Amino acid sequence: MSSPKIQQMVEQELLSSYEALYRLAYTYVKNESDAMDVVQESAYKAIKNAASLKKKAHIKTWIFRIVINTSIELLRQRQREVFWEAPEEYGKEDVYLDFDTIDALDVLNEKERAVIVLRYFEDQKLQEIADILEENLNTTKSILYRSLKKLKLTLTEGEFCHEA
């Protein structure tokens with residue numbers, strides 16, 4: 001398949017999946033501005049590297065993987081930075097997300113978080129998630145069930161704390 005054709009298909013997928021990509025990034029970086037930056041940077045990377053993609057069937061999973069990796073890169077950069085004052089967005093609420101659930105995702109490692117977000121926030125099929133994470137289906141299922149147990153424990157503990 002020709003490079004311009006693949007690039008056009010990548011651009012189309014970026015446009016049609018923008019909201020899902022934003023939500024995915026938001027679950028990692030936890031603020032609107034950074035999530036938009038991640039999606040923007042991911043779109044740039046996807047368009048720039050579109051020619052390296054061999055099969056058009058993999059465009060969506062490839063873009064989701066780029067967003068996950070870009071989000072993780074941003075978080076790693078942030079860990080190395082020292083903030084002297086709180087960012088402006090601190091304390092600002094985003095009304096469209098359940099913060100208890102988003103905060104509970106912090107107990108998960110990067111791969112576990114990706115599985116939960118893609119399955120339950122983005123309604124991806126397990127095989128699609130396995131493809132995005134470059135894992136086999138059974139490993140992805142194991143990660144999902146382990147992650148759900150961790151989340152259940154975390155959210156249940158939170159309920160007991162709020163009731164006391």
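**A friendly note on the helices and their side chains**

1. Let's begin with Tyr-26, which counts as buried because its relative accessibility is 3%, and the cut-off for buried is under 20%. Please keep in mind as you read that this is a predicted model.

2. Tyr-26 has an aromatic partner to look for. How many aromatic pairs does the structure hold? It holds one. The partners are Tyr-22 and Tyr-26, with ring centres 6.1 Å apart and planes at 40°, so the pair is described as tilted. A pair of aromatic rings is described by two things, the distance of the centres and the angle of the planes.

3. Where do these two tyrosines lie? Both are in helix H2, which covers residues 18-29. Four residues separate Tyr-22 from Tyr-26, about one turn of the helix. Tyr-22 has a relative accessibility of 15%, so this residue counts as buried.

4. Is Arg-23 buried or partly exposed? Its relative accessibility is 24%, so Arg-23 counts as partly exposed. Now find Phe-121: along the sequence, Arg-23 and Phe-121 are 98 residues apart, yet their C-alpha atoms are 7.8 Å apart in space.

5. Next, please look at helix H6 (residues 110-121) and helix H7 (residues 126-133). Two packed helices are described by the angle between their axes and the distance between the axes. Here the axes come within 10 Å and cross at roughly 140°. The crossing of H6 past H7 is right-handed.

6. Which residues make this contact? On the H6 side they are Lys-111, Ala-114, Val-115, Leu-118 and Arg-119. H7 contributes Leu-126, Ile-129, Ile-132 and Leu-133. Sorted by class, the contact of H6 with H7 has seven nonpolar residues, two charged ones and no polar ones.

7. Finally, turn to Ser-147, found in helix H8 (residues 137-163). With 0% relative accessibility, Ser-147 counts as buried. What is Ser-147 in contact with, leaving aside its neighbours within four places in sequence? The contacts are Leu-108, Glu-112 and Ile-116.

Methods. Residues numbered from 1 in each chain as written. Predicted model: local features only at pLDDT ≥ 70, side-chain atom pairs only at ≥ 80, totals over all residues. Heavy atoms only, no water. Phe/Tyr/Trp six-rings, centres within 6.5 Å; stacked < 30°, edge-to-face > 60°. Buried < 20%, exposed > 50% of the residue type's maximum accessible area, 1.4 Å probe, protein only. Axes fitted to C-alpha atoms, helices over the stretch in contact; angles between N-to-C directions. Left-handed = near helix turned anticlockwise from the far one by under 90°. Contact = heavy atoms within 4.5 Å. Nonpolar A, V, L, I, M, F, W, Y, C, P; charged D, E, K, R; others polar.
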